[in-house]
Structures are given as structure tokens and as C-alpha cells.
Amino acid sequence: MVSTDPNLAKRERAEALGADSTIDARTPDVAGQVRTALGGSADIVFDCVAIQSSMDQAIAIADKGGTVMVVGVPARDVTVPLPIVQDHQIRIQGSATYLPQDYAESADLLRRGAVRTADFVTATRPLDQVAEAFELASSGNHVKVLVTVGER
């Protein structure tokens, strides 16, 4: 698995969590570097940012017949190079539906310890510090910022 991110701390976290390779998303020819690290193109690419540059990179990284899974929530429209998508038969799939079974499975993974919150919760603030929590979350320096309600 290869992870790209412009933030060094996030690349280091990805490596610590098992990424085989990480690449600075700002470097030239990210797609070529990812292909080199993978030994070819990717069958599935997760775009967790959903901005123009990340979509461009995701489509460039995807293999013929591959899938680009859009996980990030776009703030504005992005364009896709439709001739490449069509010629390479790339499937673009959105992912934003959270069904009750998704929550149940997530809670079970946390309960069993299969997913450790310490790996991705990087800050916690009480409800009366919600403004600070939002500032932290939008800083680009955190993975997940939680706001707690009531006593713990």
C-alpha cells in the first residue's frame, strides 16, 4: 500500500500504521512514483481529499479497469479527464453513505481492538472548546479531532 500526502507527519503516521511506501503529494510525477513503488498501477485508489489535484493524481494512478473511490468530501466541483476515464475504463465511485450496519461494524472493530483510536484520534476537546477543536481539525495537522460531551 502506498500513501501520498503533502504533510510529513501524516506520511510518517501512514508508515507507522503499515504503509509500504509514502510519497509527498506535492512532488512532480506523483503517479509515476506511486507506480514505481507498487510495481505498476493501482487497482483501487482512495481519494480522501477530493480536491482537483488529488482527483487528477488518483485518476493518473489508477490502472486500466481500476476504481477511484472518492472518500473525501469535496468543497467544490472538480473536473475529471473524461477521455482518460473512458479510454482506461476507470470507475469513479463515491462513498458517503453511513448506514446503521456501518456504525455497528465500526463500533465492533473498536470494541475488539482491531482498530485502535490512538492511531488516528490526535486531539480531544470538551464541548466548551468546540471552536478550538474546529481550528485544530482544519489546521491540517490532525487526523481526527473529537469533541466530548458530558463527563468521561
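**Group meeting: a walk through the predicted chain**

Of the 152 residues of the chain, 27% count as buried, where buried means under 20% relative accessible area, exposed means over 50%, and partly exposed lies in between, with a 1.4 Å probe and protein chains only. Residues are numbered from 1 along each chain as its sequence is written, and side-chain values use heavy atoms, with hydrogens and water left out.

Let me begin with the overall layout. The chain holds six helices and seven strands, taken as DSSP runs numbered from the N terminus, with helices being H or I of at least four residues and strands E of at least two. Read from the N terminus, the elements follow the order β-α-β-α-β-α-β-α-β-α-β-α-β. The C-alpha trace spans about 55 × 35 × 35 Å along its principal axes, and the accessible surface comes to about 10,300 Å², of which carbon and sulfur atoms supply 54%, as given by the Shrake-Rupley method with a 1.4 Å probe, where for residues only the protein chains shown count as cover.

Now to the sheet. Three strands, in the order β3-β4-β5, form an open sheet with parallel pairing, two strands being counted as paired if DSSP finds at least two bridges between them. The edge strands are β3 (42-47) and β5 (91-94), each of which pairs on one side only, and the twist averages 20° from one strand to the next. Between β3 and strand β4 (residues 62-70) there are five bridges in the parallel sense, and F46 stands opposite M69 in β4. Helix α3 (residues 52-61) lies across β3, β4 and β5 and runs at about 150° to β4; axes here are lines fitted to C-alpha atoms, for helices over the stretch in contact, and angles run from 0 to 180 degrees between N-to-C directions.

Which residues does V68 touch, once its neighbours within four places in sequence are set aside? V68 sits in strand β4 and is in contact with V45, M55, A58, I59, A62, I90, R91, I92 and Q93, contact meaning heavy atoms within 4.5 Å. V68 counts as buried because its relative accessibility is 0%.

I turn next to helix α5 (residues 100-112), whose 13 residues reach 18 Å from first C-alpha to last, close to the 18 Å expected at 1.5 Å a residue, the expected span being 1.5 Å times one less than the number of residues. Just after α5, G113 takes a positive phi of about 80°.

A search of the whole structure finds one aromatic pair. The partners are Y98 and Y103, in a tilted arrangement with 6.5 Å centre to centre and 55° between the planes; rings of Phe, Tyr and Trp (its six-membered ring) pair if their centres lie within 6.5 Å, and planes under 30 degrees apart count as stacked, over 60 as edge-to-face and the rest as tilted. Y98 counts as exposed because its relative accessibility is 56%, and Y103 is exposed as well, at 54%.

Finally, S138 lies in helix α6 (residues 130-138) and is exposed, with a relative accessible area of 61%.

Key: Predicted model: local features only at pLDDT ≥ 70, side-chain atom pairs only at ≥ 80, totals over all residues.
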